[in-house]
Amino acid sequence: MQIQNILDNALVGKLPSNDEALALADFEDTRALADVAQTLRDRGFRNTITYSKKVFIPLTHLCRDVCHYCTFAQVPRKLKAPYMTIDEVLEVARHGQAMGCKEALFTLGEKPELRYKAAREALAEMGYESTTAYLMAAAEAVFKETGLLPHLNPGNLSPEELAELRAVSPSMGIMLESASERLCEKGMPHYGSPDKIPSVRLETLENAGIARVPFTTGILIGIGETRLERIESLLAIRAIHQRHGHIQEIIVQNFRAKPDTKMVNAPEPDLNELLWTIAVARILFGEDMSIQAPPNLSPGVLPQIVHAGINDWGGVSPVTPDFVNPEAPWPHLEDLTRETAAAGKFLTERLTVYPAYARDIERWTHEDLHERVLEMIDAEGFPRIDEWCPGDPDTPPPADIMTAIMDEPRHVSADIREIVDRARAQEPLDEADIVRLFQARGDDLTAVTQAADQLRRQTCGDTVSYVVNRNINYTNICYFKCQFCAFSKGKLAENLRGRPYDLSDEEIARRTTEAWDRGATEVCMQGGIHPEYTGDTYVNILRTVKGAVPDMHIHAFSPLEVWQGAATLDMPLPEYLAMLKEAGLGTLPGTAAEILDDEVRAVICPDKINTAQWLEVMEAAHGVGFRTTATIMYGHVEGHEHWARHLIRVRDLQARTGGFTEFVPLPFVHMEAPMYLKGKARKGPTFREAILMHSVARLVFNGLIDNIQASWVKMGHEGVKACLNAGCNDLGGTLMNESISRAAGTLHGQETTSDEMRKIIRTLNRSPQQRSTLYGSVSAEREKAGLEAGDLLEIINTPARKYERKRPSATLIKNDLIPAVDVSGG
């Protein structure tokens with residue numbers, strides 16, 4: 001059998017057959033194996049190496065097994081107590097929480113009550129029938145009291161035990177160690193340990209798959225097994241994983257001889273043996289499986305281990321020692337970061353449940369854990385590693401991302417370079433390209449943001465523009481049930497912010513006049529879809545504004561209002577748009593886009609216009625001569641693939657019509673959003689994701705949409721500064737009033753004045769420019785009025801007089817055609 005053929009096939013995504021895998025046992029060229037393994041690893045995990053920041057909780061050191069290499073297991077007379085108390089468990093967990101840990105790793109001996117009277121008596125005294133039942137109580141206490149995610153390693157479990165523990169733990173694990181029956185014979189390390197019988201442990205792996213538990217397993221090398229037996233062990237794991245898809249990581253752990261054990265004088269496997277096994281594991285499982293090696297067991301050679309094909313260091317604790325290997329202290333995270341970087345990789349955190357499983361939350365996680373997991377993750381399933389979120393003025397942007405934007409990248413992935421080069425050449429990027437850009441971390445993140453900023457400089461120079469405008473939200477009554485919206489007041493939503501209102505013509509005119517007096521050149525007008533509004537209502541609003549200030553530019557009505565207005569008058573879209581234009585409409589905002597993918601819209605806004613309808617309105621608007629903006633509202637239930645599809649759909653329409661003036665990323669503000677309060681959404685994008693959205697948009701739209709805008713209402717003043725260094729050239733409007741984001745929970749204020757805009761821009765050594773809606777210049781008189789603007793008068797939200805619906809629900813314009821699809825995990 002030709003080994004080279006096996007390796008070549010692996011490189012094109014074909015896993016070795018069992019016979020081919022076994023043939024690798026006699027192949028001695030570790031370098032050749034490692035070259036293939038690291039190529040596969042880079043395809044699956046790019047430039048990142050992960051770890052879990054954990055606290056180690058040894059619930060009991062009692063164990064009925066007597067593994068010859070183990071120092072974790074103790075007899076009762078050597079212990080202060082058979083079990084940690086719940087209070088002791090919580091003390092350790094709270095310490096870990098304070099240190100930023102996200103995982104509580106419970107490690108314990110196997111069913112000690114079956115061997116030790118002391119264990120049975122202790123459990124009885126505490127009121128538990130078994131160690132497993134006590135473990136469940138301890139894990140539940142940690143989860144409820146600290147929010148740490150428990151990872152449980154209790155040994156072999158029945159299907160019933162797995163089902164029960166799944167409610168308190170998003171992941172579990174058991175080390176197979178070896179599938180060799182020979183190691184259970186007399187004189188071998190597993191002799192006298194009934195729980196180490198391979199068939200028993202493999203049954204637990206099978207049961208975990210049936211129970212849909214994301215599971216950790218692996219092999220222990222250097223305890224007397226042969227290379228062939230290692231491969232057989234890996235193949236046994238692979239067969240179970242291929243049936244259920246639940247093995248989230250394979251650990252390759254090297255034996256370390258420990259004092260006071262029967263194997264104290266046994267030889268330890270050398271580095272080549274470890275590297276060979278890691279590389280073979282990667283080749284057997286392919287690019288998507290996480291392969292882990294504990295860093296504390298191989299100090300000084302971590303870059304070599306990275307080159308052998310791992311993508312994960314496992315759990316690392318800043319609080320507790322490795323109770324299983326107490327002679328091997330955890331590396332400091334700074335040292336681990338440095339050694340990982342020496343191998344050309346970026347160290348980043350993960351949760352105990354791996355990203356792919358965290359995203360597919362409905363399948364893999366018990367419903368009691370959904371809210372907490374969603375709160376902890378980003379769009380890819382990695383943990384949020386800082387407290388920043390859109391709309392929160394009290395938490396500054398994370399320093400590491402602010403620094404990364406300005407750093408000099410050293411190890412940029414080849415595929416990132418290639419994608420960026422194609423974007424610079426204005427070649428259309430496909431979905432996979434765009435997803436890859438959104439995955440950028442470390443030096444890849446730096447490369448993407450800096451490439452975007454270079455394009456910004458080439459396209460727009462160092463001028464940063466803004467418009468002096470006023471938001472006028474004419475009603476907050478809406479019969480649509482968008483799950484992200486805290487602004488609209490349906491009949492059942494009066495308990496949310498403010499009372500229902502429907503502005504009078506007089507108040508609209510007053511606000512318009514006041515805005516003009518304060519230097520505005522634009523009013524931006526949107527609102528809820530009032531059940532009694534028709535297309536004529538929007539025409540009347542336009543005439544009211546133009547009657548008050550004829551020269552005011554009106555930027556108003558999303559595709560949802562336009563669609564609904566045209567439908568109520570039974571008019572074709574182009575004809576209705578022409579009517580709006582004649583009444584004074586100048587441009588349209590590209591809101592109501594949310595995510596232009598019906599898989600997501602089915603969850604967040606199922607009765608709203610769908611993707612095709614939004615695009616149809618925009619194409620019709622461009623067709624009758626309107627210019628419009630385009631937006632994306634991101635960071636809730638969607639994933640990178642949905643972001644990519646959204647950008648592609650906007651880009652493709654722009655290529656046909658050229659009608660979009662700017663692209664505006666709008667990060668989801670979660671605080672008061674119904675779907676977040678119901679535990680069904682993430683906390684908005686992370687700061688890294690928010691910056692990347694602006695940068696990737698610049699790359700995707702290069703040559704098509706020149707202006708990329710940052711929202712100070714969502715990002716805050718410091719946040720938009722970072723965006724301006726990552727591809728943005730525009731800060732949008734001064735607003736004067738802001739109701740929609742404020743209702744969702746943002747506290748960044750309602751107005752950033754013209755003077756404040758200029759100060760923000762000048763701190764970056766850029767040139768501020770007050771612009772018109774269509775990116776033209778404004779008169780000196782308008783600039784002067786904006787800079788000298790006085791305080792706003794108190795607004796009057798005219799109480800709604802017609803809150804009770806006069807039309808039956810069946811006659812309201814809705815889109816009820818999208819089937820409900822749950823993508824709450826991403």
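Student: For residues 817-826, how many contacts beyond four places in sequence does the model have?
Tutor: This is a predicted model, and over residues 817-826 its pLDDT stays under 50. Where pLDDT is low, the predicted coordinates should not be read in detail. With that caution, the number of contacts that the model has for this stretch, beyond four places in sequence, is 33.

Student: What pLDDT does the chain average?
Tutor: Of the residues, 94% score at least 70, and the average over the chain is 92. Residues 490-496 are a stretch with pLDDT below 50, and this stretch has 12 contacts in the model beyond near neighbours in sequence. The value asked for, the average pLDDT of the chain, is 92.

Student: What is the angle between the planes of Tyr128 and Tyr134?
Tutor: The count of aromatic pairs comes to 14. Tyr128 and Tyr134 form an aromatic pair with 5.1 Å from centre to centre.

Student: Is Tyr134 buried or exposed?
Tutor: Buried means a relative accessible area under 20%. Tyr128 has a relative accessible area of 26%, so Tyr128 is partly exposed. Tyr134 has a relative accessibility of 1%, and therefore Tyr134 counts as buried.

Student: How many residues apart in sequence are the parts that the pair of Tyr538 and Phe557 ties together?
Tutor: Tyr538 and Phe557 form a tilted aromatic pair, 5.0 Å centre to centre and with 55 degrees between the planes. Tyr538 lies in helix H21 (residues 535-548), whereas Phe557 lies in the loop between strand S13 (553-556) and helix H22 (559-568), so the parts that this pair ties together are apart in sequence by 19 residues.

Student: With the side chain of which residue does the side chain of Asp453 make a polar contact?
Tutor: Asp453 is found in helix H19 (residues 443-460), and at 7% relative accessibility Asp453 counts as buried. Not counting residues up to four places away in sequence, Asp453 touches several residues, among them Leu724 and Arg766. The polar contact of its side chain, at 3.0 Å, is with the side chain of Arg456.

Technical notes: Residues are numbered from 1 along each chain as its sequence is written. This is a predicted model: local features need pLDDT of at least 70, side-chain atom pairs count only at pLDDT 80 or more; totals for chains, interfaces and linings use all residues. Side-chain values use heavy atoms; hydrogens and water are left out. Rings of Phe, Tyr and Trp (its six-membered ring) pair if their centres lie within 6.5 Å; planes under 30 degrees apart count as stacked, over 60 as edge-to-face and the rest as tilted. Buried means under 20% relative accessible area, exposed over 50%, partly exposed in between (1.4 Å probe, protein chains only). Helices (H or I, at least four residues) and strands (E, at least two) are DSSP runs, numbered from the N terminus. pLDDT is the predictor's confidence in each residue, from 0 to 100. Contact means heavy atoms within 4.5 Å. A polar contact is a pair of N or O atoms within 3.5 Å; within protein, one must be able to donate a hydrogen and the other to accept it, and residues adjacent in sequence count only if both atoms are side-chain atoms.
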